[in-house]
Amino acid sequence: MWNMPVHKWMVRHVYFPCLRRNIPKVPAIIIAFLVSAVFHELCIAVPCRLFKLWAFLGIMFQVPLVFITNYLQERFGSMVGNMIFWFTFCIFGQPMCVLLYYHDLMNRKGTMS
């Protein structure tokens, strides 16, 4: 449930202010994703003391995915968008990021001792 408050905050404080400054819709979306990606990376990098950009890249990978999903939904229906979300977010996306951070954290720990 944390995602909805974060989404609303991003829309209110990043996306809409971009639109009010006459930034077109697509660049405003990219800016909102960029801000979100920076915050996600910081949420992992600071406590782990590990700055690897996996969370940043995972969030930024969603930008083209939004446009691809919208195109496929228009062409094949809403079920395709739902399938793409579940595959990329739950099966491939987050587990891959967790494994990459764990791998990097364990390799860093192994070189320090």
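**Reading helices, a core and cysteines**

Author: The buried residues of helix α1 pack against α2 (25-48). Keep in mind that this is a predicted model.

Reader: Which residues of α1 are buried?

Author: A residue is called buried when its relative accessible area is under 20%. In α1 these residues are M10, V14, Y15, P17 and C18.

Reader: What end-to-end distance should helix α1 span, and what does the model give?

Author: The expected span is 1.5 Å times one less than the number of residues. Helix α1 covers residues 3-20, which is 18 residues, so it should span 26 Å. Its end C-alpha atoms are 24 Å apart, which agrees.

Reader: Where does α1 bend?

Author: A bend is read as the angle between an axis fitted to the seven residues ending at a position and one fitted to the seven starting there. For α1, the bend is about 40° and lies at V11.

Reader: Which residues form the largest nonpolar core?

Author: Such a core is a set of buried nonpolar residues joined through side-chain atoms within 4.5 Å. The largest one here has nine residues: Y15, C18, A28, I29, F33, A37, F56, I59 and V63. Two or more residues come from each of α1, α2 and α3. The biggest share is that of α2, which gives four residues.

Reader: What is I59 in contact with?

Author: Leaving aside neighbours within four places in sequence, I59 is in contact with F33, S36, A37 and H40.

Reader: Where is M60 found, and which residues does M60 touch?

Author: M60 is found in helix α3, which covers residues 54-60. Not counting residues up to four places away in sequence, M60 touches I30, F33, L34 and A37. A C-alpha distance is another way to look at such a pairing. M60 and V38 are 22 residues apart along the chain, and their C-alpha atoms are separated by 9.6 Å.

Reader: How many disulfides does a search of the whole structure find?

Author: A disulfide needs two cysteine sulfur atoms within 2.5 Å. The search of the whole structure finds zero.

Reader: What is the relative accessible area of C90?

Author: The value for C90 is 31%, so C90 is partly exposed.

Note on methods
Residues are numbered from 1 along each chain as its sequence is written. This is a predicted model: local features need pLDDT of at least 70, side-chain atom pairs count only at pLDDT 80 or more; totals for chains, interfaces and linings use all residues. Side-chain values use heavy atoms; hydrogens and water are left out. Contact means heavy atoms within 4.5 Å. Buried means under 20% relative accessible area, exposed over 50%, partly exposed in between (1.4 Å probe, protein chains only).
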